[in-house]
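With the structure open in your viewer, please follow the stops below in order, selecting each group of residues as it is named.

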Amino acid sequence: KQLNMFNFFVSIIAPCRNEKDYIKRFLESIIAQNYPKDKMEFLIVDGASEDGTRDVILPYVEKYPFIKLIDNPQKHTPFGLNLTIQNSKGDVIIRVDSHAFYPKDYVAKCVMYLEQSKADNVGGMIKTIPAKDTLAAKSIALCMSHGFSVGNSYFRKGTQKPREADTVFGGCYKKEVFKKIGLFNEKLIRSQDLEFNLRLKRAGGSIMLNPDIFCY
């Protein structure tokens, strides 16, 4: 019943490069989303991967009509993000990360809380898990989730209730936001999301962090 309220067409965008070890789990988690498939498109932009990532993606593109693969010859993330936004059809754009995987209600919750909060960008938290069963990997995962290491980065260390934020992981945006303040800064190879959200806030926009939204 809850999904009947979701009348938005959603574009899920994902830049990737050399993610062969993680891309299958990521793709499967997006395919498993319970948001209606006729109201979503999944745009993957590959930054000239050299490790066989494309070979993993292509069978999914052939099998699922809502998945599209876009080439990013510039390789870096901001170019890929802008390509997907420019080629998207959605009223809502959700940025996801190919190094992560997502609960099946992730997209639905993003859209629901975006509509309920009337914010310009809504996002959730990262639950960091070790990539390997080693002491080093476990230590890194612990550090990336602790306030001693990440300061007041609530999307990493967690929050008990929805709160206004300076930035969130990924982000679920109304597409009109990009028409108002522009696209991601292609001069920034890293942290282009932080800069974009700073521009959004300075333009009077609002960003909400909701702990009910999370990924791994």
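Select Y106, V107, A108, K109, C110, V111, M112, Y113 and L114, which are the buried residues of helix 4, in a model that, please keep in mind, is predicted. Step on to K118, which follows helix 4 and has a positive phi, near 60°.

Next, show helix 1 (residues 23-31) together with helix 2 (residues 53-63), whose axes come within 10 Å and cross at roughly 25°. Because angles under 35 degrees count as roughly parallel, helix 1 is roughly parallel to helix 2, and the crossing is right-handed. To see where the two helices meet, display the side chains of I23, K24, L27, E28 and I31 in helix 1 and of T53, V56, I57 and Y60 in helix 2.

For the last stop, centre on Q192, which lies in helix 9 (residues 192-202). Is Q192 buried or exposed? Its relative accessibility is 4%, so Q192 counts as buried. Apart from its neighbours within four places in sequence, Q192 is in contact with T77, P78, L81, R95, F184 and N185, while a polar atom of the Q192 side chain lies 3.1 Å from the backbone oxygen of L188.

Technical notes. Residues are numbered from 1 along each chain as its sequence is written. This is a predicted model: local features need pLDDT of at least 70, side-chain atom pairs count only at pLDDT 80 or more; totals for chains, interfaces and linings use all residues. Side-chain values use heavy atoms; hydrogens and water are left out. Helices (H or I, at least four residues) and strands (E, at least two) are DSSP runs, numbered from the N terminus. Buried means under 20% relative accessible area, exposed over 50%, partly exposed in between (1.4 Å probe, protein chains only). A polar contact is a pair of N or O atoms within 3.5 Å; within protein, one must be able to donate a hydrogen and the other to accept it, and residues adjacent in sequence count only if both atoms are side-chain atoms. Contact means heavy atoms within 4.5 Å. Axes are lines fitted to C-alpha atoms, for helices over the stretch in contact, and angles run from 0 to 180 degrees between N-to-C directions. Angles under 35 degrees count as roughly parallel, over 145 as roughly antiparallel, 65 to 115 as roughly perpendicular and the rest as oblique. A crossing is left-handed if the near helix is turned anticlockwise from the far one by less than a right angle, and right-handed if clockwise.
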